[in-house]
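Subject: Structure handover

Hello,

Here is the structure I promised to pass on. Please open it next to this email and follow along.

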Amino acid sequence: MTIRTAVVGTGNVGRHALAQVIADPRFDLTAVWVSSAAKAGLDAGELAGLDVSTGIRATTDLDELLATGPECVVYTAMADNRLNEALDDYRRILAAGSNVVGSSAVFLQHPWQVLPAELIAPIEEAATAGNASLYVNGIDPGFANDQLPLALAGACQHIEQIRCLEIVDYATYDSATVLFDVMGFGKPLDEIPLLLQPGVLTMAWGSVVRQLAAGLGIELDEVREQYVREPAPEDFDIAAGHIPQGSAAALRFEVQGMVDGHPAVVLEHVTRLRDDLRPDWPQPAQPGGSYRVEVTGEPCYTLDLRLSSPHGDHNHAGLVATAARVVNAIPPVVAAPAGIRTTLDLPWVSGTGRYLPPDRPEGTIR
């Protein structure tokens with residue numbers, strides 16, 4: 001039996017999720033929601049960049065999407081700059097009886113002790129009312145800092161610290177909203193962007209350290225955050241726009257889960273817009289970027305995860321990985337009990353059924 005699936009959002013992540021839902025024989029696409037009138041009415045195949053016609057036309061009406069009766073909704077719409085609207089969307093979808101897998105808002109991967117109870121409760125109540133479950137994940141927050149570090153932890157006699165790093169050049173990441181408005185790149189250093197407002201880093205990536213702590217069976221005393229930024233040495237351009245000299249061009253931050261004054265679990269990001277900026281900061285395992293897991297204990301581990309793709313660079317590969325992570329989670333999420341689900345309580349999400357012979361074009365798995 002196929003799973004009736006709808007897709008909300010066809011942007012950087014959503015178009016890859018939509019392509020997989022269309023091509024994957026486990027799913028039957030019922031509807032697609034888009035945020036812009038320019039995309040409304042377009043065929044889902046065109047929005048996914050596939051040379052197929054699905055007969056499913058995009059809508060800007062969420063109720064119209066829900067009326068198609070999806071068992072699961074893939075939610076990749078932007079949440080960073082429309083948080084209340086995204087949370088309301090989740091409540092509506094869950095209350096209507098549809099399960100949800102999503103890539104935003106990222107703190108929902110493990111929201112307890114991260115979000116105020118008054119924000120979590122309405123989502124859990126909607127899930128109970130609709131007998132539906134919600135799973136938010138991706139590559140980071142997600143696979144690179146939940147399954148990978150916990151798998152390594154399973155081969156340790158003892159653990160002193162787990163540190164998860166994203167070390168990535170964002171120059172080819174074409175999202176002005178994320179880079180300029182949310183992260184503050186290209187802006188004066190005395191202008192504090194949304195991401196770096198007090199408590200926002202802890203809210204966004206606190207879910208990572210809280211989930212790792214839960215996976216290790218430890219209680220955190222507190223979660224701390226810190227950051228440092230580097231100015232552009234001269235004017236230059238990136239895919240998303242212009243970076244003036246003296247404006248923010250590199251960012252390093254940490255979210256630390258503390259136990260007895262010691263950072264037991266740490267999420268660290270090193271984000272550059274040029275690879276020559278701050279050479280003294282951690283360097284990626286491959287040009288462009290990589291993810292790293294460092295486990296200090298007995299034994300110690302360092303694991304470098306290098307993403308690549310025949311269709312684009314490391315940033316493209318990361319978007320595809322994020323989409324595939326949530327789409328591949330659909331079957332276990334549909335089967336899970338109602339409520340907010342995490343990597344800790346879902347079965348292992350594997351690549352079952354994902355083999356594609358090299359002589360078979362993508363998008364033709366069926």
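This is a predicted model: local features need pLDDT of at least 70, side-chain atom pairs count only at pLDDT 80 or more; totals for chains, interfaces and linings use all residues.

**The parallel sheet**

Start with the open sheet of six strands in the order β2-β1-β3-β4-β5-β14. Its pairing is parallel. Its edges are β2 (27–33) and β14 (339–340). Each of these two pairs on one side only.

Strand β1 covers residues 3–8. Six bridges join β1 to β2, in the parallel sense. A6 has A31 in β2 as its bridge partner. T5 has L29 of β2 as its partner.

β1 also pairs with strand β3, residues 72–75. Those two strands run parallel and share four bridges.

How much of β1 is buried? Five of its six residues are, so to speak, under cover: the strand is mostly buried.

Between β1 and β2 comes helix α1, residues 14–23. Together, β1, α1 and β2 make a β-α-β unit, and the unit is right-handed.

Next, look at α4 (83–95). The helix has 13 residues, which at 1.5 Å each should span 18 Å. Its end C-alpha atoms are 18 Å apart, in agreement with that. Its buried residues are A86, L87, D89, Y90, I93 and L94. Seen down the axis of α4, the buried residues fall within an arc of 155°, so they line one face of the helix. What do they pack against? The partners are α3, β3, β4, α5 and β5. Just after α4 comes G97, with a positive phi of about 95°.

Now α5 (117–130). Its 14 residues should span 20 Å at 1.5 Å a residue. The end C-alpha atoms of α5 are 20 Å apart, which agrees. I120, I123, A126, A127 and G130 are buried in this helix. Viewed down the axis of α5, they fall within an arc of 130°, so they too line one face. The other side of α5 holds exposed residues: A117, E118, E125, T128 and A129. The cover over the buried residues of α5 includes α4, β5 (133–136) and β14. N131 follows α5 and has a positive phi, near 50°.

**The mixed sheet**

There is another open sheet of six strands, in the order β7-β10-β11-β6-β12-β13. The pairing in this sheet is mixed. β7 (222–231) and β13 (301–305) are the edge strands, each pairing on one side only. On average, neighbouring strands of this sheet are turned by 10° against each other, direction ignored.

For a closer look, take strand β12, residues 289–298. β12 and β13 pair in the antiparallel sense, over five bridges. Within that pair, V293 stands opposite L303 of β13.

**Two loop residues**

First, H110. You will find H110 in the loop between β4 (99–102) and α5. Is H110 buried or exposed? Its relative accessible area is 10%. The cut-off for buried is under 20%. H110 therefore counts as buried. Which residues does H110 touch, leaving aside its neighbours within four places in sequence? They are S207, R210, Q211, A214, T342 and L344.

Then G49. G49 sits in the loop between α2 (44–47) and α3 (62–66). The relative accessible area of G49 is 65%. Exposed means over 50%, so G49 is exposed.

How far is G49 from C156? In sequence, the two are 107 residues apart. In space, they are 44 Å apart, C-alpha to C-alpha.

**Where to look first**

Then turn to α4 and α5, where the buried residues of α4 pack against α5 among other elements. After that, compare the parallel pairing of the sheet that holds β1 with the mixed pairing of the sheet that holds β12. Finish with buried H110 and exposed G49.

Best wishes

Conventions
Residues are numbered from 1 along each chain as its sequence is written. Side-chain values use heavy atoms; hydrogens and water are left out. Buried means under 20% relative accessible area, exposed over 50%, partly exposed in between (1.4 Å probe, protein chains only). Two strands pair if DSSP finds at least two bridges between them. Axes are lines fitted to C-alpha atoms, for helices over the stretch in contact, and angles run from 0 to 180 degrees between N-to-C directions. Contact means heavy atoms within 4.5 Å. The expected span of a helix is 1.5 Å times one less than its number of residues. The arc is that of the directions from the helix axis to the C-beta atoms. A crossover is right-handed if, with the strands pointing away from the viewer, the path from the first strand over the helix to the second runs clockwise.
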